[in-house]
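Grab a viewer and work through these exercises with the model open. Try each task before you read its solution.

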Amino acid sequence: MLHHIAIFASGTGSNAKKIVEHFKHNHNITVSLIVTNNADAPVLVMAREYGIPTLVIDRDYFYKTEDILKNFNKFSIDFVVLAGFLWLVPTYLVRAFEKRMVNIHPALLPKYGGKGMYGMRVHEAVKKAGDTETGITIHFVNEQYDDGDIVFQAKCLVNTEDSPEDIAKKIHQLEHRHFPKVIEKLLAE
Ligand code: GRF
């Protein structure tokens, strides 16, 4: 069976790119749609380079209609990946993709998760707390921020001299190394 992935990303999209590249020559899994709420997101440039269809959404479309499901049908989407997408996922979408939608979070949940905990804020909190390790969490998506069942975690060390920017770099490396493979494994199950 050919799996069609939709990736939601609203920023740089470095994870989205890694995932697209990972599955480029895979005959069973393909990234078929990139969704963003940011019309200026660099991820759209990447999508264009790879010839992947894109969908720019606004709040009314996402929360007041279920039209995104029609788009998903059009592209036969059967798995959803959130990679730097900050909006809470509405119930109709959570239900439609139960155990078939994952998010990546740049910390070891349940630490440093929840509303407002994203990007550099997470790494600054890790630094402030003086933690000696941090990491990434890939989890299924439910109706709360960063709260669904955990699928995978990987850790890295935080040295006392590491700045939040240094931590961010380590985290991105971990994300890029693991996220595509974890998705592939989930789709093989
Ligand atoms: C990642 O650190 C991810 O954990 C978080 O948002 C960031 C997205 O980075 N959810 P990028 O746009 O993939 O570079």
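This is a predicted model: local features need pLDDT of at least 70, side-chain atom pairs count only at pLDDT 80 or more; totals for chains, interfaces and linings use all residues.

Residues are numbered from 1 along each chain as its sequence is written, and side-chain values use heavy atoms, with hydrogens and water left out.

**Exercise 1. Find the buried residues of α6 and work out what they pack against.**

Start with the helix, residues 120-129; helices here are DSSP runs of H or I with at least four residues, strands runs of E with at least two, numbered from the N terminus. Val122, His123, Ala125 and Val126 are buried, that is, under 20% relative accessible area with a 1.4 Å probe, protein chains only (exposed is over 50%, partly exposed in between). Next, look down the axis: these residues sit on the same side of α6 because they cover an arc of only 155°, taken from the directions from the helix axis to the C-beta atoms. Their packing partners are β5 (101-105), β6 (133-140) and α7 (164-188). Finally, step off the end of α6 and you land on Gly130, with a positive phi near 75°.

**Exercise 2. Which element gives the most to the lining of the largest pocket?**

First list the elements that supply at least two lining residues each: α1 (14-22), β5, α6 and α7. Then pick the top contributor, which is α7 with 4 residues.

**Exercise 3. Is Gln153 buried or partly exposed?**

Locate Gln153 in strand β7 (residues 150-157). Its relative accessibility is 36%, so Gln153 counts as partly exposed. Now check the side chain: it reaches the backbone oxygen of Leu109 at 2.9 Å, and a polar contact of 2.9 Å joins it to the side chain of Thr137. A polar contact is a pair of N or O atoms within 3.5 Å; within protein, one must be able to donate a hydrogen and the other to accept it, and residues adjacent in sequence count only if both atoms are side-chain atoms.

**Exercise 4. Which side chain makes a polar contact with that of Ser10?**

Go to the loop between β1 (3-8) and α1, where Ser10 is found. Ser10 has a relative accessible area of 13%, so it is buried. Its side chain meets that of Asn37 in a polar contact of 2.2 Å.

Conventions: Contact means heavy atoms within 4.5 Å.
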